[in-house]
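The following exercises are to be worked with the sequence and the three-dimensional model at hand. Each task is followed by a solution in steps.

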Amino acid sequence: MSSSRLRSGLFFTLCTAGVAQTGSVAFAACPLELAVYGDAESAAEIDFRPTGGSAVVTNTFKMVLDNSVVLDGIVMWTEGVARPHGSLMYKCPTGDVTGDELAACTVWEGVVYSADEKGNIALLPAEGVDAPKALIFPDLGPSLQMSSAYGANGFSKVPWDVFSLKGCQE
């Protein structure tokens with residue numbers, strides 16, 4: 001078996017295990033832009049926010065970690081082979097920033113996936129649809145552990161890559 005098929009099978013197994021952890025709790029329909037997600041280790045929570053009519057950013061969220069560390073998250077769809085490219089940033093400067101400054105404060109980047117209660121994997125949709133049952137941020141934990149937000153002056157609990165729908169903001 002090729003290593004890419006093995007990785008693909010492992011990814012599916014991890015994702016469906018994460019979806020299974022959501023249990024049988026049923027939520028009323030919640031729009032994605034108001035959804036709240038948590039990881040299996042209770043190390044982080046994701047709160048989505050409306051994007052405010054951005055032409056480029058399709059999703060906006062905050063990731064809250066222990067020790068009151070907050071990461072700012074955005075999703076923009078790529079051109080060509082369209083994918084929801086997510087970025088998590090820590091203490092980015094505001095105003096007119098350079099690409100180098102933005103790269104320096106970005107602690108995770110990657111495609112954001114969603115999963116339903118049956119384990120079907122899809123791409124994260126834009127706002128205006130019901131929130132998926134689970135979200136997958138591939139390699140989130142290792143990326144965050146290597147970031148400037150981790151450690152003595154930052155967060156200490158590393159989240160898992162799968163987040164389950166916990167509720168809806170009002």
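**Exercise 1.** Does Ser156 count as buried, partly exposed or exposed, and at what relative accessibility?

*Solution.* The model is a predicted one. Step 1: the relative accessibility of Ser156 is 44%. Step 2: buried requires under 20% and exposed over 50%, with partly exposed in between. Step 3: Ser156 therefore counts as partly exposed, given its 44%.

**Exercise 2.** Locate Ser156 in the fold and identify what Ser156 touches.

*Solution.* Step 1: Ser156 lies in the loop that runs between helix H3 (140-145) and strand E10 (162-168). Step 2: Gln145 is 11 residues away from Ser156 along the chain, and the two C-alpha atoms are 8.6 Å apart. Step 3: when residues up to four places away in sequence are set aside, Ser156 touches Asp66, Asn67 and Tyr150. Step 4: with Asp66, the side chain of Ser156 makes a polar contact of 2.6 Å.

**Exercise 3.** Describe the overall architecture in terms of secondary structure, burial and contacts.

*Solution.* Step 1: the protein has three helices and 10 strands. Step 2: their order along the sequence is α-β-β-β-β-β-α-β-β-β-β-α-β. Step 3: of the 170 residues, 37% are buried. Step 4: taking contacts between residues at least 6 apart in sequence, 51% join residues at least 24 apart.

**Exercise 4.** What is the geometry of the ring pair formed by Phe61 and Phe137?

*Solution.* Step 1: the structure holds six aromatic pairs. Step 2: in the pair of Phe61 and Phe137, the ring centres are 5.9 Å apart and the planes stand at 65 degrees, so the pair is edge-to-face. Step 3: the partners are 76 residues apart, Phe61 in strand E3 and Phe137 in the loop between strand E9 (134-136) and H3. Step 4: Phe61 and Phe137 are both buried.

How values were computed
Residues are numbered from 1 along each chain as its sequence is written. This is a predicted model: local features need pLDDT of at least 70, side-chain atom pairs count only at pLDDT 80 or more; totals for chains, interfaces and linings use all residues. Side-chain values use heavy atoms; hydrogens and water are left out. Helices (H or I, at least four residues) and strands (E, at least two) are DSSP runs, numbered from the N terminus. Buried means under 20% relative accessible area, exposed over 50%, partly exposed in between (1.4 Å probe, protein chains only). Contact means heavy atoms within 4.5 Å. A polar contact is a pair of N or O atoms within 3.5 Å; within protein, one must be able to donate a hydrogen and the other to accept it, and residues adjacent in sequence count only if both atoms are side-chain atoms. Rings of Phe, Tyr and Trp (its six-membered ring) pair if their centres lie within 6.5 Å; planes under 30 degrees apart count as stacked, over 60 as edge-to-face and the rest as tilted.
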